[in-house]
Amino acid sequence: MTPAIDIQQLGKRYGALAALDHIDLVIQPGEFFALLGPNGAGKTTLISILAGLTRPTHGSAKVMGYDVLSEYRAARKRLGVVPQELVYDPFFTVREMLVIQSGYFGIQGNDAWIDEILYRLDLADKAHTNLRALSGGMKRRVLIAQALVHKPPVIILDEPTAGVDVDLRQSLWQFIQHLNQEGHTVVLTTHYLEEAEALCNRVAMLKQGRIVALDSMRNLVRSIQDYTLELRLSTDALPAALTAWPVHHDGNLYSFKIKDYAEIESVLSILRTSGIRILEMQLLQPDLEDVFVNIMESVPAGAS
Amino acid sequence: MTGFYTLLYKELMRFWKVSFQTILAPVLSSLLYLLIFSHVLESRVEVYEGVAYTVFLIPGLVMMAVLQNAFANSSSSLIQSKITGNLVFILLAPLSYLEIFLAYVGASMLRGLAVGLGVYGVAAWFYGPPPHVSLWAILFALLGSALLGVIGLIAGIVSDKFDQLAAFQNFLILPLTFLSGVFYSVHSLPPVWQFLSHLNPFFYLIDGFRYGFFGVSDISPYISLIVMAASLAAISGWALWLLKSGYKLRH
């Protein structure tokens, strides 16, 4: 099967700075893929190269088997990109803009599909409103609509929910999930890790232009063994037997690092024998954020 | 070709939606030049024998309007799209560099010619239509609008900020059009200035265009045609190369 995105030894240098450094990445059709990393890790550079906005210094990138440089027309027809910046053309209404965008992709008479995306993105009543007059959230939805006019099999969203309120975020994710279920390959970047964890099935983490983790969401989250046992105790002094335990506390709220469930029992029994009462108890599962912090801290700068 | 037509349409709508500012305003300012200069100079200057100064001036003003507005269209469209960031919609699309070039230049030509026609129409209404208009006039109007559309495209690509584009306009386009013989015949100048005028590409456009009205010109219209066709070819080659290489547009 032709990969949706096929990146080989891709690199981009700006003078001495390597924005991307020998990236290899294959994304299969139908995946819901997250590209994570701190600001400046190279996520947007990677997306820009796929979109043809930036030229790579070395290596190759293909969309649905078409090289983004030598076969740029075929590659761009198969790719829908939602840019991070909230850009718009102040001369046109929402509908005019979507008709124009269809034309750029060689499509005429796209009205039925335009109506459908307007409806699905809840923009139907704004169809004849000038883009200048729309709120930020509305402009974001128009950007998504623009990326979809040519029904691209691969959709890339660069921080689609940055600065978007909770309601809209929910409905955007539902919409994007729906697109994925219909067979579109979805690649996104986001700083909301809990959203990435809930939606995506595979993750690449970037740091300083390199991929430092690439795995399924499940494997990544499982890679962290530590649970956190959070206890609010009747005292703010721990018994001597527990002082050696990896623990973090804030007043009488203690967070114990636990490697497996059996350890919970030992903590509880020490507390019981010391006559300390437990006021509140919570067991925290590791999440993507823990993995992210762990990986970003453990990989030294510039390591290969 | 749908991509090209759509971009051309978008570029036309861009100025048409603000036609008060992009077409009527320049027609009015040309008309002001005409009123003032004809009032001051009509009875004192005769450039070509038997041709009144106002009649001599009209083709020059028409051509100046064509040139300045063709330049303004592509350059301001590009710089606005670059600065607001919406150029990304064109860059993400499967448009070839040739389609982008033709659409921007085509829209510039149409804006330049629309303003030129407006100036011509108003002048003809005030001062009566010129005795005859030959194909030469149309040919030079097309060449001039194309040339300035391409120069505007290059200026829009190269400039990063509005003030850089304004410098381009104020220190290059404006002096070259004013000193190209719009208001006078270069034969009336001292030899040094005559020589310098011949280095100004816009001189050939005005001179050839005027030949289309009076059958008289400072130099042969064939020479002007060759010089302009060669300039257009060279500058188009440069613009196409900039677009193809993605200079300042694709990093």
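Analyst: In chain A, among contacts between residues at least 6 apart in sequence, 69% join residues at least 24 apart; a contact here means that two C-beta atoms, placed from the backbone, lie within 7 Å. This is a predicted model, where local features need pLDDT of at least 70, side-chain atom pairs count only at pLDDT 80 or more, and totals for chains, interfaces and linings use all residues. Residues are numbered from 1 along each chain as its sequence is written, while chains are lettered from A and ligands numbered from 1 in the order in which they are written.

User: What pLDDT does chain B average?
Analyst: Chain B averages 90, and 99% of the residues score at least 70. pLDDT is the predictor's confidence in each residue, from 0 to 100. For the complex, the predictor gives an ipTM of 0.87 and a pTM of 0.86.

User: How many residues does each chain bring to the contact?
Analyst: Chain A gives 24 residues and chain B gives 23.

User: And which elements of chain A touch chain B?
Analyst: Those giving two or more residues are α2 (72-77) and α3 (94-104) of chain A. Helices (H or I, at least four residues) and strands (E, at least two) are DSSP runs, numbered from the N terminus.

User: Switching topic: what's the strand order in the open sheet of chain A?
Analyst: The 4 strands run β12-β13-β11-β14, with antiparallel pairing; two strands pair if DSSP finds at least two bridges between them. β12 (247-250) and β14 (278-284) of chain A are at the edges with a single partner strand each, so one side of each has no neighbour in the sheet.

User: How many bridges join β11 and β13 of chain A?
Analyst: β11 (residues 227-233) and β13 (residues 253-258) of chain A pair over 6 bridges. A:E230 sits opposite A:S255 in β13(A).

User: Which helix packs on that sheet?
Analyst: Helix α9 (residues 262-273) of chain A, which touches β11, β13 and β14 of chain A.

User: Now α10 of chain B: which residues are buried there?
Analyst: In α10(B), B:P221, B:S224, B:M228, B:L232, B:A239 and B:L243 are buried. Buried means 20 or more other C-beta atoms within 10 Å of a residue's own, exposed means 12 or fewer, and partly exposed is in between, with C-beta atoms placed from the backbone.

User: What covers them?
Analyst: The cover includes α5 (97-127), α6 (135-158) and α9 (201-214) of chain B. Just after α10(B), B:G246 takes a positive phi of about 75°.

Notes:
Axes are lines fitted to C-alpha atoms, for helices over the stretch in contact, and angles run from 0 to 180 degrees between N-to-C directions.
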